[in-house]
Each structure stands twice: as C-alpha cells, then as structure tokens.
Amino acid sequence: MAPSENVLLDEDELFARVEDALKHETRDRANLIPLLQTVQRLCSYIPESAVRLLAGHFDISPCEVYGVATFYNQFRFNPPGRHQIKVCMGTACHVRGGDIILENFSRKLGIDEGETTEDREFSLERVACVGCCALAPVAVIGETVHGKMAPSKVEGLILGFQIEKDRAERGKTQDDRTK
Amino acid sequence: MTEQNEPFRIREKYERLRRKAEEVKAAEAGSDEPVITVAMATCGIASGAIDTFNSIKETAQELDLQVRLRTVGCTGHCYAEPVVVIDHPSSGFPPLMYHGVSSGKARMIVKSFLRDGDPLFEHVLGATTESEDFPGVMDFPRFNREKRVIMETCGVVDPDHILEYIAYGGYSALAGSLETTPAQIIETIRSSGLRGRGGAGFETGRKWALAAEAPGDRKYVICNADEGDPGAYMDRTVLESSPHQVIEGIAICAYAVGAAEAVMYIRAEYPLAVSTVERALEQAEQNNLIGKNVLGTGFSIHIRVFKGSGAFVCGEETALIASIQGERGTPRYRPPYPATRGLNGAPTVINNVKTLASVPPIISRGAEWYRSIGAAGSPGTAVFSVVGDVVHPGLVEIPTGISLRSLIFDVCGGIPRKKKFKAVQIGGPSGGCLSEEFLDVPVDFDSLREAGAMMGSGGIVVMDEDSCMVDVARYFLEFTRNESCGKCTFCRIGTAQLLEILNRITIGEGKEEDLEMLEELCEDISAGSLCALGKTAPNPVLTSLRYFRDEYEAHILEGRCPACVCRVLTAYYIDLDRCARGCDACVGSCPVEAIFTTANRKKGVDQTLCVKCGECAVACPSEYDAVRRVSPPSLAPVVPKPVTE
C-alpha cells in the first residue's frame, strides 16, 4: 500500500497545483463535480482555498461550491492521515458487527470517525458499502481491503504499521550515523 | 438513416471482426499449453487474487513451465474466492475449478498439477465442463439452479479484451439491430416484457418508446451504475466482468431512441469498474462498434463516463441528472419524466446496468425466448447479492418467480453453524424485513411489493436468530437519515425523529406509546416525500413492526433484547462452572482489559469496563465454551473482583 505522497504538503503548494489544473478547464457548470474530484485527487482533500478558486473559475459564490461539495460523500474537508482507514458500514458488515470494528479503531487510535490523529499517521472514517459483502466485516486501509475483521485483528494491523514506522525511523537514524 | 444496401455492409463488417476474433481464439486453443484463469474483480482482489496471480506467474517462471495466464472478472461465487480455473488439455483432465486459492496453495497446485501431473483433487471444486468420469461444478445447486442472462459472460470473457467478447458472439446483437429499424427494436423489447432492473420495475419498452416519440434533435441515454444500496454490488460486478455487454446494450438503446450521446454514471468508489469501462469504451471505439459512423451505418454514439461522487439519492433519475449537470443531487417533481425532459432538458432514457445488459441477449434470441424465462408478470432473470448468514454468499442470477426459500436454502446453502433462520431483508434501505412465513413468496416485482418489501436493486441480507430486528431497522434508518437530500421536510425531519425513537428503544428507554408513534410517522413520511427515497424509507420499520412486533415489545416492556445484540441491553459473563482454572485465552483477546482473574484463578468480566464486542466468546476454547451472553444485563451474576495491592 502506497501512502499518499501529497498528504503532508502545505496549502500554498496545493493551491499552486489546483491553480495549474484549472488553467485548461472549461467554465461549463457540468464540469464542477469532475473538477472537485480533480482537486481531491491532487490534494487528498478539498482545502478552503480551492473552494474559493473554483468559485472564481465558475463565477459562482464559494458557498455554492461548498454546498455541492458537502452534498456528496466523496469529498472531505480535512487532510487525511498517511494511512486512511475506512470501516465498511454496509448491511452485511453491520449484521456481522461492523460497528464494533469501528469502535475498536476509534479506541485504539484515540480519534472519532471523520478525524485524523495528531501525528497525521491515521485517519478514520465510515463508508457506506465497499461491495465486498461476502467478506464482512470489512475495513479498507489505503487501497488494501481487509476482510473478516475482528477486534484482535484491529490491534494487529495498527501494531504492524507502528513497527513498520519504527523500523523506517531506525533505518534513517542509522543512515545518519553512517554519514 | 439506413439505405437499401446497408444491411449487407453491416453484416459484412461485423463478420470480418468476428472472424478476426475467432482466429485469435483458435490460435490459442490450438496450442497445447495449459491455460490458468484467475477471477480478479474487486471482491476477488479483496480476498487476495493479486497475490494468487503473482504466485502462479512466479512459480511457472521458476519451474520453466509454459502456461498462459488469463484474468477474468467475477464468477459470482464470493464464498469461494479466489477462484482459479486450470485448463490443462494434455493431462487428460477437464478444466478444473479450484476454490479459496491463496498464494501458497496456488504455488502448490501449479507445481503438483502442471509439473507432476497430480491435480490435487482435495482443492478442486469441480470440472467446469460436463464429463463422464469427473464431477462437474454444474452438479451443485449453487451452479445449476442459476440461469445466467445478465451475467452470461461474467467470469467467462476477459473484460480487458474486446475480441474475447466478440468471439463469444458479442456485438452481433448491435449489428443485427442496425439492420432493422428503431421501431422494430422497441417492439422487440416491449414484447419481451423486460422491466427495469433498477428496482421500480418500469417497463423498459415503454420508456424507450416515450423517449423515441418525444420531440427533439438531441437525446441522451444514461446508464445508471450509481449503486448506493449497502449490501448490493451486482452492477459493479457486471461492469468489471463484462463491460462490453452493457456498452452493446447502450448502443442498441441509443439507436432505438435516436440518441447520439450516452453517459455511464458510475460511482467513484468503484475505481476498478471505472477503469475497466474506460478501457472497454476505447476498445469498442477502435473497432468502430461505438463512436462515429458505427459499422459504416451513419449512426453515431458517443459514450462517456461520469464519476458519481457518492450520494444515495442520485440513484433517483432526476437527482442523477442534476448531479451530471454539476448541481446538488436533489430530485425534482415528475412529470415531466426524463423520457421527455431529462439531461439538459432533452429526452433521456435512464436504465440500470442490468437492464441494459439484458438487451443484447433479448435482441439476439428474440422476445419469445426471454418471455419464456421466469414469472409471467416480470419475465427474465434477476441478479441478487445474497449476503449475511448464508453458507454460500455471492451473486446469484435466477429466473424470477422462484421462492425465497429455494433461493436461500437450495441455491445458497442455508444458514451456517446450525443456526435458525430468522428474517430476510430484501431491497436495501427501501425494502423490508420478511419473516419465515414469507419464505414461499415468489421473487418478482409484484409479489414482493405485496409482502411489503421490494425487489430494489437486489440486495438480500439473510439473518439468523442472532440478529435483532429493531437494530436492523435502526441501522437502515440511520442510513436514510444520513442520505436524505433534505429537500422534503417529512423525509429530512421525519427520518431523524424515527431514528431518535429507535435509538431510544435500543438502549432500553422506549415508551409504550412509541410503537404507535412510529407507525404514524412512517405513514406521514411516505405521504410527504417527493422521491422513492423518502417514500420507501419507512419500509424497514413498518415491516419489522408488522412481523416482529414482539421484539419491539421485549425491548420496551422488559428492557431485553431477545437476540442479545443491542449492547446496552446485554451483558457478557463467564460461567464459572465451565471456566478452566489457569486458562488465559480470553484475557489477551479483550481490547479493554475488562477480564480479571478471580480468587480461585478463574476469570470474570468487569461489567463497568466491558464494551461487549464478543471477542472473549470467540477466544474461549470450544471445550470450555464458558462465555455467556444475557439480556437484560441484570441476569449476569456478579463475580467479585479481587482487590489488587
């Protein structure tokens, strides 16, 4: 799983990217949602500055853009973590205890759904259905689908990421030392 | 549009393409090398099909074996994923289907079968072709009770190679349609009795006729793949596994109604479906099957993909159109129906993926053939995603009219773990929960509606005795409350109120008059809402109230959840007579460290810490089986916790 590279960029950098992307686009209103999707792809979320930029592009008010963007579940307005955790809340997952899985992530990470941990490592959200109902309950981390989840598996996954991170950091300090 | 000598030219052009496809296929069949097919749709990938695929590839390279690796979409047998089919003609065995092939197992099978000639029968599900001396998969009811029309080519053709679909006979329906007149096509669809597979069941032929008759030069076709129902994923599977069948259906529809533009509205949450369809569109255009001047006829159809951003209400056709136009997806009053005033104010046909995928087979084989399948009132087949507590979950395509009992118990293998059947939920958030007495209801649009449920998009969730119906109703209401677009007051506020009452009941604070209030609110929401979301939102509550009223009463009057699901009303405790002294199996499993050791080295649960996740019940070794679940929580015995220094 490749953690999104642009997760940790600052807003100025993101702004420049969005501005660049807008240059070649038509001002046809039907293009608004595809452009919001482009912004989300570039920035991993919809920054406020991008909303203003889009409003200028289409010559509509920022609250109109915001209204459309918030209507749809796809768009998020706070920066996601390096590892985006999505817990499926589809019918099959619910019947098999999806809410318990969400609760376990939430307890383990100390954040509620829709939030990001302070170190920007993890963000947690619920999704309606990822369409792998036969594997319920399901959690998606980054691009990887984890089926047949259980509370003990939640701990294992988070521990796995922490070990990975520790190892990477240790590798870095060792590199520094050898330099 | 068609000139006198046109039909001849269309056929000729198509046959040339077909010959090319068949030559490629014949060249492959001619060689003796084994063919390994891996099912790689989203659900297959989720179960690890990518690792399986790579492992097969590496093993074959390591052992220097000549094999041809193929990927197909989904076969619908989710319980068996990852599925691998090995066709090794020189071994003398028929093509064999393997199930649950992890990467390690794949390595073992490739080594053993392809190198040493032993197919490892213990991992084989069956042969995919009929053979005298080998049990075939078609001997299983999960296979032979199905009738595949919509999913005919799913898991059979490679979705990324248009020639495979053409070699299978694909696009011949389009070529055939272009030889006839639009009116004839509409007549065929009308007399086939095809009804919209999106849920409401409107007659497709009538919809097409309306759009064809509507005045206007610009007309549109929209393929609705905004599959929002939690628990339904057949549209995604069809698009990922057989995109060309849908594209062919769109092209035929466009020709019939006189449209030159089509939009495929696919959820952005389905990235694989989007990329598969985009590639398929490109290939179809390269082969002159869509785009300008299709097969030299002067008929043009431009198809583009619009990525839907995820709003349940956008499954409603007027909301979907608003969304394509860059607005918030709120429905508007109908009429005018989209067939007369739709996208950009032009006549628009909106059909579901499965409806459009049914079109090519109907055109090829005729209306009579289609009418002969399934129930009289709604002929044809229906695709269901059967999930929840069943032995063989997955996608099932059956002729309409077979009973729910047959679908759940014969086709899908019944309830696992020797549990009892309790209820079946059909049609997602707009459908209803049916109890055991409705198991003999035939599955078709009209019978289900009479029972209070609906076909919807075809999601079926089977629930065993461990499911709480109040909780299920609450779950669906939470979903519709979140997804209500907010336009109609009754839907926006009514669903919130319904949810609040249900929440209260599930935590044991329900009042006796709540049940009446629920019923009243349900009626008001249905009456006061514009679109199907609001009109059907109360269905889960109404049906569960009707068929499982005793459960509501147990929650309200006794503070007890009969299925021990509602967490505030349940407690876990450890049966000290069964708990083994010195065993620590449950301690590590507890995420909140609620399990303590008693004075005589057995275990107890600290009720103030317990979050009721049930992990200890899973962890407890089956020979002790000491973890108990009770409702109301006051039934749990109090085990003294030793005071630690």
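## Domains of chain B

Domain bounds here are taken from an automatic or database domain assignment. The model is predicted. In chain B the assignment gives five entries: domain 1 (32-139), domain 2 (162-371), domain 3 (381-467), domain 4 (470-558) and domain 5 (570-635).

Between the C-alpha centres of domain 2 of chain B and domain 3 of chain B there are 28 Å. Their contact draws 14 residues from domain 2 of chain B and 15 residues from domain 3 of chain B. On the domain 2 side of this contact, four residues are nonpolar, five are polar and five are charged.

## Contact between the chains

Chain B gives 41 residues to its contact with chain A, and chain A gives 36 residues. On the chain B side, the elements with two or more residues in the contact are helix H2 (42-46), helix H13 (317-324), strand E10 (381-388), strand E14 (459-464) and helix H25 (615-619). By class, the chain B side holds 18 nonpolar, 18 polar and five charged residues.

## A mixed sheet in chain A

Chain A has an open sheet of five strands, with the order E2-E3-E1-E4-E5 and mixed pairing. Strand E2 (115-116) and strand E5 (144-146) of chain A are the edge strands, each pairing on one side only. E2(A) runs antiparallel to strand E3 (residues 122-127) of chain A, and two bridges join them. In this part of the sheet, Thr116(A) is placed opposite Ser123(A) of E3(A).

Helix H6 (residues 98-109) of chain A packs on the sheet. The helix touches strand E1 (83-88), E3 and strand E4 (139-141) of chain A, and its direction makes about 150 degrees with that of E1(A).

## A helix pair in chain B

Two packed helices are described by the angle between their axes and the distance between the axes. For helix H20 (residues 514-527) of chain B and helix H22 (residues 539-547) of chain B, the angle is about 140 degrees and the axes are 10 Å apart. Angles over 145 degrees would count as roughly antiparallel, and those of 65 to 115 as roughly perpendicular; H20(B) and H22(B) are therefore oblique to each other. Their crossing is left-handed.

From H20(B), the residues Leu515(B), Leu518(B), Glu519(B) and Cys522(B) take part in the contact, meeting Val541(B), Leu542(B) and Leu545(B) of H22(B). The contact of H20(B) with H22(B) comprises six nonpolar residues, no polar residue and one charged residue.

Notes
Residues numbered from 1 in each chain as written. Chains lettered and ligands numbered in written order. Predicted model: local features only at pLDDT ≥ 70, side-chain atom pairs only at ≥ 80, totals over all residues. Contact = placed C-beta atoms within 7 Å. Nonpolar A, V, L, I, M, F, W, Y, C, P; charged D, E, K, R; others polar. Helix = DSSP H or I, 4+ residues; strand = E, 2+ residues; numbered from the N terminus. Pairing = 2+ DSSP bridges. Axes fitted to C-alpha atoms, helices over the stretch in contact; angles between N-to-C directions. Parallel < 35°, antiparallel > 145°, perpendicular 65-115°, else oblique. Left-handed = near helix turned anticlockwise from the far one by under 90°.
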